[in-house]
Amino acid sequence: MAFGLKKKELAEWKRQIDNGEIAFLTHYWLDDRFPGCKTVTKVGCADLEKLKNWGKRYGLKEEWIHYRKDGYSHFDLLGDTQKKILEEEGITHPLQ
């Protein structure tokens, strides 16, 4: 279940994706399959090759991309992987 997401943040994430940028969106999220994870970061890009190559830099597999018909395909980053990648990208975790 996603929550704590503002429409303005979502619109900005989509704008960046539409512009071919690697876009990051972090929000609160709870799922019983991932105990201990309270947030998720969605990393998307309209240019799927660019997104795949970005993911490879961090050991993310292409099959982990959530392919969406609406054009907002993305990786979901959770837990230690989320923290490590955000740090390497120079992004301060916005919800901690």
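Which residues is Cys45 in contact with, leaving aside its neighbours within four places in sequence?

What we have here is a predicted model, where local features need pLDDT of at least 70, side-chain atom pairs count only at pLDDT 80 or more, and totals for chains, interfaces and linings use all residues. Residues are numbered from 1 along each chain as its sequence is written, and side-chain values use heavy atoms, with hydrogens and water left out.

A word on confidence, then. pLDDT is the predictor's confidence in each residue, from 0 to 100. The chain averages 91, and 93% of the residues score at least 70. Among the elements, which are DSSP runs numbered from the N terminus (helices, H or I, of at least four residues; strands, E, of at least two), helix H2 has the highest mean at 98, while strand E1, residues 2–3, has the lowest at 61. Where pLDDT is low, the predicted coordinates should not be read in detail.

Okay, back to Cys45. With contact meaning heavy atoms within 4.5 Å, Cys45 touches Ile17, Gly20, Glu21, Ile22, Lys50, Leu51 and Ser73.

Cys45 also belongs to the largest nonpolar core, which has 11 residues: Ile22, Val43, Cys45, Leu51, Trp54, Tyr58, Leu60, Ile65, Phe75, Leu77 and Ile85. By nonpolar core I mean a set of buried Ala, Val, Leu, Ile, Met, Phe, Trp, Tyr and Cys residues joined through side-chain atoms within 4.5 Å. And buried means under 20% relative accessible area, exposed over 50%, and partly exposed in between, using a 1.4 Å probe and protein chains only. H2 and E4 each supply at least two residues of this core. Apart from it there is another core, of five residues, including Trp13, Ile17, Ala23 and Leu25.

Now the strands. Let's take E3, residues 39–44. Six of its six residues are buried, so E3 is largely enclosed by the rest of the structure. Thr39, Thr41 and Val43 point one way from the strand, and Val40, Lys42 and Gly44 point the other way.

Who sits alongside E3? Two strands pair if DSSP finds at least two bridges between them. E2 runs antiparallel to E3, with six bridges joining them. Two examples: Ala23 has Gly44 as its bridge partner in E3, and Phe24 has Val43. E3 also pairs with E4, again in the antiparallel sense, over four bridges. There, Gly44 is partnered with His74 of E4.

E2 itself, residues 23–29, is mostly covered, with five of its seven residues buried. Take Thr26 in that strand: at 13% relative accessibility, Thr26 counts as buried. Its side chain makes a polar contact with the side chain of Thr41, at 2.6 Å. A polar contact here is a pair of N or O atoms within 3.5 Å; within protein, one must be able to donate a hydrogen and the other to accept it, and residues adjacent in sequence count only if both atoms are side-chain atoms.

On to the helices, starting with H2, residues 48–57. Asp47 caps its N-terminal end, with a side-chain oxygen 3.2 Å from the backbone nitrogen of Glu49. Which residues of H2 are buried? Leu51, Lys52, Trp54 and Gly55. They cover an arc of only 160 degrees around the axis, which puts them on the same side of H2. That arc is taken from the directions from the helix axis to the C-beta atoms. The face turned away from the buried side carries the exposed residues Lys56 and Arg57. What covers the buried residues includes E2, E3, E4 and H3. Just after H2, Gly59 takes a positive phi of about 75 degrees.

H3, residues 79–88, buries Gln82, Ile85 and Leu86. Seen down the axis of H3, these fall within an arc of 100 degrees, so they line one face of the helix. For background, an α-helix has 3.6 residues a turn, so residues three or four places apart point the same way. Asp80 and Glu87 are exposed, on the face of H3 turned away from its buried side. The cover over the buried residues of H3 includes E2, E3, H2 and E4. H3 is followed by Gly90, whose phi is positive, near 75 degrees.

Last stop, H1, residues 7–18, where we find Gln16. At 18% relative accessibility, Gln16 counts as buried. Leaving aside neighbours within four places in sequence, Gln16 is in contact with Glu21, Ala23 and Phe24.
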